Amino acid sequence: MRILLLCSSFNGLTQRAWLELRRAGHDVSVELAVSQEAMVEAAELAKPDLIICPFLKERVPDGLWRAYRTVIIHPGPPGDRGPSSLDWAIADAEPEWGVTALQAVEEMDAGPIWGFRTFPMPAEPPRKSALYNGPVADAAVELVAEVAAKAGESSFVPEPLDYRSPEVRGRLRRAMRHSDREFSWEEPTQDIVRRVRAADGAPGGRARLCDLPVRVFDVYRGPELEGTPGQVAARREGAVLVHTGDGTVWVGHLRLEKEGAIKLPAAMALGELVAQVPERSGYSEITYDRSEGVGVVSFDFYNGAMSTDQCRRLASALRYAVAQDTRVLVVRGGEVFSNGIHLNVIDAARHPELEAWMNINAINAVCREIAACTTQLVVASIGGNAGAGGVMMGLGADRVIIRDSVVLNPHYRTMGLFGSELWTYTLPRRVGAERARRLTQDALPIGAAEAVECGLADRALGGSRLDFERRVLEYAERLAADPGYDRLLAGRRSVREVDERRKPLDAYRAEELAEMSRDMFDDRSGFREARRAFVHKAKAQATPEHLARHRELSGASAPSGTGASHM
């Protein structure tokens, strides 16, 4: 079928839907809902058999859903209605939640039901972004495939929404207000954690800290220390420890409530106000563990962004791990594996270009530790989405194992960068020069199955993130005990020696940095504008050029006004 995806953003969920439908053989085009006119014009040009809206905040124009079968993927169980579904699900500690596919009608979220999925909510309050990118995205992608299949059945008729049905357990909920997101540090830690996580990653919990109005993100329960609620007790790796009504909470990120402020590591956002606060252990973004001849360096950076300081700490952890007497090193990312350099920290720096330069050099050091290791076999464990340099970072490993729900964006072009992270060495080595060129120039996402097929990854595994991590560790332990281990390690060492003689890693690094210096200091490809649009969440004015071009190649023309834009 010809399917049009209408979305507010070509985000991870929408990308997974796009990949799933294309893999099933459908002709899929994407249009950002930048205006009512753009949505209508996109449909007139695409002439779709079906319109699916996997992530749409805007109302579908009446003329559109009347003329084309239009299905909304709503992040709530049957009967749930309203724009703050996930926020309320977390705030109200719902034991179960779901996703529903429903046909667009005049009344929002009230159309007939095409299908639904439900899933248990975790006992520990999840971060809204983690809930959205995890079980919600999994359920949504299943529903998208189901909707496409049902649309091909002439006998299928969706079920009218009937609140008398036992399956319809949701209800209409109002949009969350600012007052719903406000909290006092005098409240119990658990209540604060739930309130903030219901608003993470946007718009954040609302409070005052150091006598400043702030938006609060990225919180974790701290130790039970006595102190004045709202007082900053300690700091660690960019986070601050704040006293609550019954203990403490680690706050990883803040945004000051003022014009132009952006989300930053909490200690950086507060600056001199916490400069004299003592350091304290108990919070760490990077850990090292050993098991059965395997060393595991785990890192979990908020939203996958890696600042200069974070990269330096990770490189140090890798150097320590490489020096241990283990046989296999597992490099394990977190909820998001990595998205490369930290654009927010760069943009907030006094000299952004210099900070960007320091950041790219620091992440290059991480990549070198992985690619140049010849004393252990290295396994990259990619259990969360990755983009740009975050994809390239894992490619220096002997084995790249990816979770089957992961989406990779192995390109830099939409951010106006040539890229570094030794990609000119590691990417062609895995996929060949021509495919490496297409991946970086087409700037389109690829799924786990395609990554394995083209050689970007070696194996895809299913299950929850914890199941995935357990299976990767078991694989690494088998690798460490393999009778042929010495031969495998000798092979890695031999390949590295041959490659180094042919062209040293430092030569790849120098060539990449020569290109990056022109992007960062001379701004030859619009890095400054693209970075600011990303950091300040500028609304797209048109469907990005690389998506519009893909639509044209698929057979539909681009709507008037479609031009280059940055996600």
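Predicted model: local features only at pLDDT ≥ 70, side-chain atom pairs only at ≥ 80, totals over all residues.
Residues are numbered from 1 along each chain as its sequence is written. Local features need pLDDT of at least 70, side-chain atom pairs count only at pLDDT 80 or more, totals for chains, interfaces and linings use all residues, and side-chain values use heavy atoms, with hydrogens and water left out. Helices (H or I, at least four residues) and strands (E, at least two) are DSSP runs, numbered from the N terminus.

Helix α11 spans residues 352–371 and reaches 28 Å from its first C-alpha to its last, close to the expected 28 Å (1.5 Å times one less than its number of residues). Its buried residues (under 20% relative accessible area, 1.4 Å probe, protein chains only) include Glu355, Asn359, Ile363 and Cys367.

Asn359 is also one of the residues touched by Ser307 (contact means heavy atoms within 4.5 Å). Ser307 sits in the loop between β14 and α9, and counts as buried because its relative accessibility is 9%.

Three strands form an open sheet of mixed pairing, in the order β17-β19-β20 (two strands pair if DSSP finds at least two bridges between them).

| Edge strand | Residues |
|---|---|
| β17 | residues 386–387 |
| β20 | residues 446–447 |

Each edge strand pairs on one side only. β17 and β19 (residues 407–409) run parallel and are joined by 2 bridges; Gly387 has Asn409 as its bridge partner in β19. Helix α1 (residues 12–23) lies across β19 and β20, at about 100° to β19 (axes are lines fitted to C-alpha atoms, for helices over the stretch in contact, and angles run from 0 to 180 degrees between N-to-C directions).

Technical notes: Buried < 20%, exposed > 50% of the residue type's maximum accessible area, 1.4 Å probe, protein only. Lists of a residue's contacts leave out its neighbours within four places in sequence.
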